[in-house]
Structures are given as C-alpha cells and as structure tokens.
Amino acid sequence: MVRLAIAHNGDTRYVSTGVQVDNTMQFRNGRVTNRPDANILNTRLQGFIAKYETALSELQYTECLSCTQLLSALRDIVNRKSRNAGLEATFKEFIENSRLVDSSKSILTSGMRHALKVLGDIPIGALCYQKIVRLESELRKKRLSNSTIVLVMAALRRTVTYARRCGYVPEEFRPFRDYTEPQPDIRDSWLTPEQLIKLRDAKLYGAMQQTTRDYIMLSFYLGGINIADLLSINFKALRHKRRLKYIRNKTKSQQKANKYVEFDIPDEAMPYIEKYMRPDGYLGTKYQRKDMLHSYFSQSIKSLREQTGLNNLIYYSARKTFAQIAFNLGIPTGVIDFILGHKLNKQGRTLYNYIYVSPEKATDAIRRVLDFLK
C-alpha cells in the first residue's frame with residue numbers, strides 16, 4: 001500500500017492513499033511504474049496529494065500543532081469535502097481505478113444502476129443503514145431476485161470500501177455494519193453423471209446444438225474451464241505439449257496461492273480441440289468469431305435442453321458438474337479449487353501458505369473424475 005508521508009515539527013506520520021502495488025519495484029521516485037494501470041494509479045495519487053495540499057493551504061497557525069494534530073486537521077478538511085462527493089462519481093472513480101476484469105466491472109455497473117434509480121446521486125457520506133434497508137424494500141417491490149439485490153449491495157459495498165480507503169469518508173463509516181444481505185438464488189444447474197453421459201451421447205439435430213454440446217463437454221474435460229478462459233488459449237502454441245497452463249481471467253488480479261491453473265490435457269478433450277481449433281490456434285466455430293460464442297450458445301441452449309430433456313442445462317453446468325463429481329469422489333477441496341482457478345477462501349488461506357498443488361496432482365484428479373463416467 002502506498003502511503004503519503006506528513007512531516008512536521010521533526011516528526012512524521014503517514015496516511016494511506018488507497019493505491020496498492022504488488023512490490024517495491026512497481027513504485028519508484030514517487031510514481032507507480034511497471035504496471036499496465038500505472039497511468040491511472042498515478043493520476044489517482046496526484047489527485048490524493050492535491051486534496052491534502054489544498055487542505056494544508058486552508059490551515060492557519062500550523063507551527064503550534066504537533067504532526068499528529070496536523071494530520072488530524074488535514075483529514076477533517078479532506079473528509080468534509082470528500083463526503084459531499086456523489087455516489088455515482090465515487091463509483092465511477094472506483095471502477096476506473098480498479099483492476100477488475102471487464103465482465104466484473106459490467107456486472108457491478110449494472111448493480112449500481114439499480115441503486116441510483118432508487119437512492120439518487122446522494123453524497124457518499126449520506127449513505128446509512130436506513131437507506132440501505134429502504135433500497136432493498138424498493139428493489140423487492142420491483143420484483144427483483146435475491147441474486148440481483150445481492151449484486152446491487154455488492155456494488156454499494158465496494159464503493160463504500162473504496163471511499164473509506166481513499167479517506168473520502170472516516171474509517172468508522174460502516175453503513176453496512178448491521179445489514180444482513182439476502183441469500184442469493186442458487187440455480188440447480190449441475191448434472192448427474194448419468195445426465196452428463198446422456199448429453200455426451202445424444203444424437204442432436206442442428207449444427208448449433210451440436211457445437212454447444214461439444215463446448216460444454218470440452219469445458220468439463222478441461223476441469224470446468226470458463227468459456228472466457230477457454231477462448232483465450234492458443235492451443236497451437238502448445239505444439240506437442242499436452243500441458244495446459246493459464247491464468248483464470250476472472251481472478252487474475254487477486255492474490256492466490258497458485259497463480260496458474262495447470263494440468264495435462266486428457267485424451268477425451270483432444271477430439272473437440274482438433275475439431276474447433278482455427279488456423280490461428282484459438283477455438284471458434286465454422287461461422288462465428290470466438291468473441292461471439294456467448295451469443296451463439298445463448299441462441300442454441302434452449303433447443304439443446306428440449307432435445308436432451310435436461311431442463312437445468314446451461315454452459316456453466318460443465319463447471320458445476322465437474323466440481324460436484326470431484327467433491328463426491330473425495331478429492332481434496334484445495335485441489336478442486338486449484339483446477340477451477342478459485343481464489344482460496346479465508347479459512348484455507350493460512351494452510352495454503354505451506355502447501356502447493358502440483359500440476360501432476362491436478363492431472364490425477366481430473367483423470368479420476370473422467371474415469372468415473374466410463
């Protein structure tokens with residue numbers, strides 16, 4: 001975390017800027033460097049410093065203040081002004097400065113849009129428990145699902161946390177302290193082994209339906225890989241190596257015990273890869289660009305459900321089904337997390353500082369899951 005030093009009367013105190021870098025090599029001579037988001041973070045730092053410089057210019061008789069008193073007075077001025085910043089502007093600043101992937105930014109933006117329609121662009125410091133409860137009540141009147149309400153609250157929470165870290169609101173500003181969020185709706189989209197075999201062996205009508213089924217099976221064979229990650233892999237670049245190594249797109253900016261997802265590609269996956277690999281090495285279809293496959297699947301999934309009788313089938317079923325079968329087989333949850341590319345939960349974080357999930361361990365786990373279907 002980058003901190004601003006306040007030196008006064010022979011003493012020094014520090015205030016967090018809210019800007020975080022991975023190591024000291026990414027911060028030199030007062031500037032962030034060697035990062036793709038360096039310009040954004042440096043702009044944020046300059047704005048932060050400017051606020052404290054402006055606050056300092058408003059103070060009189062600073063000579064009689066201790067360094068601690070000076071910092072407290074500066075914070076009071078900055079917080080008083082920043083607290084009047086609008087909710088929408090603070091959220092946009094958070095999104096611009098965050099290291100979230102585009103899909104996560106889009107989801108949070110959608111949630112904030114719902115919040116703004118109800119709350120309006122209130123000052124960030126005006127958000128309170130009563131307003132949060134009223135927001136949930138209004139969202140329910142609009143018949144929004146629990147999952148959507150959780151998404152709205154997540155956008156607000158992230159914005160409040162950002163504002164607190166930047167010093168826009170006091171550290172004790174905790175409007176969500178006594179609020180209990182509803183449980184998100186959990187869609188029962190995983191398949192039993194029998195259903196997965198039925199999907200694999202189904203005689204389907206329509207090229208789109210066959211292609212969608214093939215991609216679902218390929219996702220399952222590759223440890224429940226997400227479509228965004230699958231489409232980002234250049235399989236031609238692997239040449240004769242059968243080891244897959246990638247960083248999960250959704251959690252690439254988060255600290256994880258294992259940065260890469262790495263395992264050997266099983267034999268079952270190779271026919272699908274060879275069938276859909278384009279000349280450039282990436283997967284696609286005969287007619288669709290690889291960045292349009294999400295739409296392609298959406299158009300065909302309804303018909304695929306009707307043909308197979310699997311009413312809960314979605315593309316994500318591959319990922320959930322792999323995880324469920326692996327868990328039922330007694331494969332350690334840490335190994336499953338490694339294969340899925342998850343960020344380790346808080347309960348497991350300490351343990352995973354001491355152990356390492358090897359690619360060989362992941363390969364063996366995937367082999368056990370696939371053999372279970374034979």
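Q: Helices (H or I, at least four residues) and strands (E, at least two) are DSSP runs, numbered from the N terminus; in which helix does threonine 212 lie?
A: This is a predicted model, in which local features need pLDDT of at least 70, side-chain atom pairs count only at pLDDT 80 or more, and totals for chains, interfaces and linings use all residues. Residues are numbered from 1 along each chain as its sequence is written, and side-chain values use heavy atoms, with hydrogens and water left out. Threonine 212 falls in the run of residues 207-221, helix H8.

Q: Is threonine 212 buried or exposed?
A: The classes are buried (under 20% relative accessible area), exposed (over 50%) and partly exposed in between, with a 1.4 Å probe and protein chains only. The relative accessible area of threonine 212 is 1%, so this residue is buried.

Q: Which residues does threonine 212 contact, leaving aside neighbours within four places in sequence?
A: Contact means heavy atoms within 4.5 Å. With those neighbours left aside, the partners of threonine 212 are Tyr296, Phe297, Ser300, Ile301 and Leu304.

Q: How far apart are the C-alpha atoms of glycine 86 and isoleucine 122?
A: Glycine 86 sits in the loop between helix H2 (67-82) and helix H3 (87-97), and its relative accessible area of 15% makes it buried. Not counting residues up to four places away in sequence, glycine 86 touches Asp121, Ile122, Pro123 and Ile124. Although glycine 86 and isoleucine 122 are 36 residues apart along the chain, their C-alpha atoms are separated by 5.5 Å.

Q: Why is the ring pair of phenylalanine 176 and tyrosine 179 given its class, and what is that class?
A: Rings of Phe, Tyr and Trp (its six-membered ring) pair if their centres lie within 6.5 Å; planes under 30 degrees apart count as stacked, over 60 as edge-to-face and the rest as tilted. By this rule there are 8 aromatic pairs. For phenylalanine 176 and tyrosine 179, the centres are 6.0 Å apart and the planes at 70°, so the pair is edge-to-face.

Q: Which residues do ring pairs link into a cluster?
A: Both phenylalanine 176 and tyrosine 179 are buried. The cluster linked by ring pairs consists of Phe220, Tyr221, Tyr272 and Phe322.

Q: At what distance from the ring centre does lysine 245 lie over the face of tyrosine 260?
A: A charge sits over a ring if NZ of Lys or CZ of Arg is within 6 Å of the ring centre and within 35 degrees of the ring normal. Arginine 3 has its charged end over the ring of tyrosine 14, 4.4 Å from the centre. For lysine 245 over tyrosine 260, the distance is 4.5 Å.

Q: How many salt bridges does the structure hold?
A: A salt bridge is a side-chain nitrogen of Lys or Arg within 4 Å of a carboxyl oxygen of Asp or Glu. One of them joins lysine 141 to glutamate 138, with the closest N and O atoms 3.5 Å apart; the two are 3 residues apart in helix H5 (residues 129-141) and therefore separated by about one helical turn. Lysine 141 is exposed at 60%, while glutamate 138 is partly exposed at 25%. The salt bridges in the structure number 15.

Q: How many residues apart in sequence are the parts tied together by glutamate 268 and arginine 367?
A: Glutamate 268 and arginine 367 form a salt bridge with an N to O distance of 2.4 Å. Glutamate 268 lies in the loop between strand S6 (261-264) and helix H10 (270-276) and arginine 367 in helix H15 (residues 359-371), so the sequence separation of the parts tied together is 99 residues.

Q: What is the distance between the closest N and O atoms of aspartate 371 and arginine 367?
A: These residues are 4 apart in helix H15, and so separated by about one helical turn. Arginine 367 is partly exposed at 25%, as is aspartate 371 at 36%. The closest N and O atoms of their salt bridge are separated by 3.0 Å.
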